[in-house]
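Take a first look at the model below. Then read on for a short tour.

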Protein chains: 2
Amino acid sequence: MLKLTRKVEYALIALRHMQAMKPGKLTSAKEIAEAYGLPQQLLAKTLQQMARDRIIEAVQGPSGGYRILSNLDKISLKDFFEKLEGPLGIMDCYFDSDCVQIGACNIRVPIQRINENMRNMFSKMSLREVTQ
Amino acid sequence: MLKLTRKVEYALIALRHMQAMKPGKLTSAKEIAEAYGLPQQLLAKTLQQMARDRIIEAVQGPSGGYRILSNLDKISLKDFFEKLEGPLGIMDCYFDSDCVQIGACNIRVPIQRINENMRNMFSKMSLREVTQ
DNA sequence: TTAAATACGATAAAAATAGTCGTATTTATT
DNA sequence: AATAAATACGACTATTTTTATCGTATTTAA
């Protein structure tokens, strides 16, 4: 309950790994996968997604790989989570509107209050705090 | 991602329903299920669990049902979630130790920092804040 | 005695997550 | 120019988790 997905987990591991290296130096998906025993293909997809989101930069070809692109201080955990996994909320009704409950539901307002607290909390934490 | 389960959702709906009634009055699982269009048996199990946890009280026999037992001000959301779903944490490594990573993992410490923040946040919110 | 309610283990169904496969593209190296 | 090592990514499969149902027992008011 209230769990992160592997995708996010692998992303954090990879970022932390990249951050520990000399600036500008590239790391490949294979290298990270072997270092931490992660499924390479799945990790690669996660890295590709982060590249699309401009968090990291991808370099193709042999001796290619990935390196950190953004300033991780400026990315909140909330934004990071949402880039990888979509809207952050304790319950779907926060952004879905196809809930069958409609009028009957009696917890929508309190749930949104919890959501706000969560989003607020993750807004205040930067990605660097986690990766450094 | 970072979602509540239905069990918790149903529990909150039920609590809120009971709280809106005259003190001491009983409500049945059937009544709540019909009012909010929830699966009765699953809701019943959730109510039974809350009864075991002494959050609500169960009365058997016809004209039986459930009613609030605890002072909801004194139950934190953290305790409530953990009673229903077990330890609250963004990742299993917080309480599991059978993670294959063992030494290799490089995000255990930062993850635990996030966990602490989450637990702290939910410790500060009472169940009543959500149900009132 | 009956019926309406809780209690709960076992199982089934559905959904979400995790992982793999195959193939295309890019590009440094030879 | 050919090769090989890397990223890119859609489609698919497997696994796990969540959600829901079934069946039966127990309690107790009427």
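## How the two chains relate

This is a predicted model. Two copies of a chain are related by a rotation about an axis and a shift along it. Here the rotation that superposes chain A on chain B is 180°. The shift along the axis is 0.0 Å, and the RMSD is 0.1 Å. That is the relation of a two-fold axis.

Which residue of chain A comes closest to the rotation axis? A:Leu2 does, with its C-alpha at 2.0 Å. The interface fits this picture: 97% of the interface residues of chain A are also interface residues in chain B, so the copies meet through the same surface.

## A hairpin in chain A

Strand β1 of chain A spans residues 56–59, and strand β2 of chain A spans residues 65–68. The two run antiparallel and are joined by four bridges. A:Val59, for one, stands opposite A:Gly65 in β2(A).

Five residues lie between the strands of this hairpin. In it, A:Gly61 takes a positive phi near 85°.

## The surface near DNA strand D

DNA strand D is surrounded by 24 residues. The closest are A:Lys45, A:Gln48, A:Arg52, B:Gln60 and B:Pro62. By class, the surface near DNA strand D has nine nonpolar, 11 polar and four charged residues.

Both chains take part. From chain A, α3 (40–52), β1 and β2 each supply at least two residues of this surface. Which element gives the largest share? It is α3(A), with four residues.

Which parts of DNA strand D lie within 4 Å of the protein? Of those atoms, 63% belong to sugar or phosphate, and the rest belong to bases.

A polar backbone atom of B:Arg6 is 3.1 Å from a phosphate oxygen of DNA strand D. B:Gln60 places a polar side-chain atom 2.8 Å from a sugar or linking oxygen. For B:Gly61, a polar backbone atom is 3.4 Å from a base oxygen.

B:Glu9 sits in helix α1 of chain B. Is B:Glu9 buried or exposed? Its relative accessibility is 12%, so B:Glu9 counts as buried; the cut-off for buried is under 20%.

What does B:Glu9 touch, leaving aside its neighbours within four places in sequence? B:Glu9 is in contact with A:Met91 and A:Ile107.

Technical notes:
Residues numbered from 1 in each chain as written. Chains lettered and ligands numbered in written order. Predicted model: local features only at pLDDT ≥ 70, side-chain atom pairs only at ≥ 80, totals over all residues. Heavy atoms only, no water. Least-squares fit on C-alpha atoms with pLDDT ≥ 70 in both. Contact = heavy atoms within 4.5 Å. Pairing = 2+ DSSP bridges. Near = heavy atom within 4 Å. Polar contact = N/O pair within 3.5 Å; in protein donor to acceptor, adjacent residues only side chain to side chain. Nonpolar A, V, L, I, M, F, W, Y, C, P; charged D, E, K, R; others polar. Buried < 20%, exposed > 50% of the residue type's maximum accessible area, 1.4 Å probe, protein only.
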